[in-house]
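Have the viewer open as you read.

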2 protein chains.
Amino acid sequence: MTVLGLFAGALTTLSFLPQVLRTIRTRSAHDLSWMWLLMMSAGMTAWCVYGLLRTDVPVFVANVIALTLVGTLAGLKARHGRTTAIQPVSQ
Amino acid sequence: MTVLGLFAGALTTLSFLPQVLRTIRTRSAHDLSWMWLLMMSAGMTAWCVYGLLRTDVPVFVANVIALTLVGTLAGLKARHGRTTAIQPVSQ
């Protein structure tokens, strides 16, 4: 069961990595919503507490890492939020 | 404990709503990463299975709703992925 949780956590957690890399590469975060970033960070913090209290390793580990990545996205949004990548970047 | 899980799930799940609304309003999804959307959807599907097998209501409910919202984002990205909102929208 923990393997499934670690697999699910790895996917949802690591999914933020390509988003962070894209935002760094394009220096464009205009389309990212502040409210999404803030609510997601708060929710992940709550999931960390939930995972701790239930000694649920996958939930805890996934959310600590994801929180770091979402925090990075928020930093990038603060820095590049106004700029828009005029020339579309192939994905 | 379940209350904390439902709260955490509500936040991370509902966090996608402002991102969906922003993307609908700006018709601009250029900055969203396809890889993020695909990996997130796969991970959420795995979390649904995890929540089912562990009869973990918060994990299951949160991820079914979030999967719907991320699926909507993927649809919007497919439709608006090429366009960029030229005039920055205040957020």
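To compare copies, they are superposed by least squares on the C-alpha atoms of residues with pLDDT of at least 70 in both. Keep in mind that this is a predicted model. Treated this way, chain A can be laid on chain B by a turn of 180° and a shift of 0.0 Å along the axis, with an RMSD of 0.0 Å. The two copies are thus related as by a two-fold rotation axis. To find that axis from chain A, look for A:Asp31: its C-alpha is the nearest one in the chain, 2.7 Å away. Both copies use the same surface, as 100% of the contact residues of chain A recur in chain B.

Now turn to a pair of helices inside chain B. Two packed helices are described by the angle between their axes and the distance between the axes. For α3(B), residues 34–53, and α4(B), residues 57–80, the axes come within 9 Å and cross at roughly 160°. Angles over 145 degrees count as roughly antiparallel, so that is how α3(B) and α4(B) run relative to each other. Their crossing is left-handed. On the α3(B) side the contact includes B:Trp34, B:Met40 and B:Trp47, while α4(B) contributes residues including B:Phe60, B:Leu67 and B:Lys77. By class, the residues of this contact divide into 18 nonpolar, 4 polar and 1 charged.

Finally, move to chain A and its helix α4, where A:His80 has its place. Is this residue buried or exposed? A:His80 has 10% relative accessibility and therefore counts as buried. Beyond its neighbours within four places in sequence, A:His80 is in contact with A:Arg27, A:Ser28, A:Ala29 and A:His30.

Conventions
Residues numbered from 1 in each chain as written. Chains lettered and ligands numbered in written order. Predicted model: local features only at pLDDT ≥ 70, side-chain atom pairs only at ≥ 80, totals over all residues. Heavy atoms only, no water. Axes fitted to C-alpha atoms, helices over the stretch in contact; angles between N-to-C directions. Helix = DSSP H or I, 4+ residues; strand = E, 2+ residues; numbered from the N terminus. Parallel < 35°, antiparallel > 145°, perpendicular 65-115°, else oblique. Left-handed = near helix turned anticlockwise from the far one by under 90°. Contact = heavy atoms within 4.5 Å. Nonpolar A, V, L, I, M, F, W, Y, C, P; charged D, E, K, R; others polar. Buried < 20%, exposed > 50% of the residue type's maximum accessible area, 1.4 Å probe, protein only.
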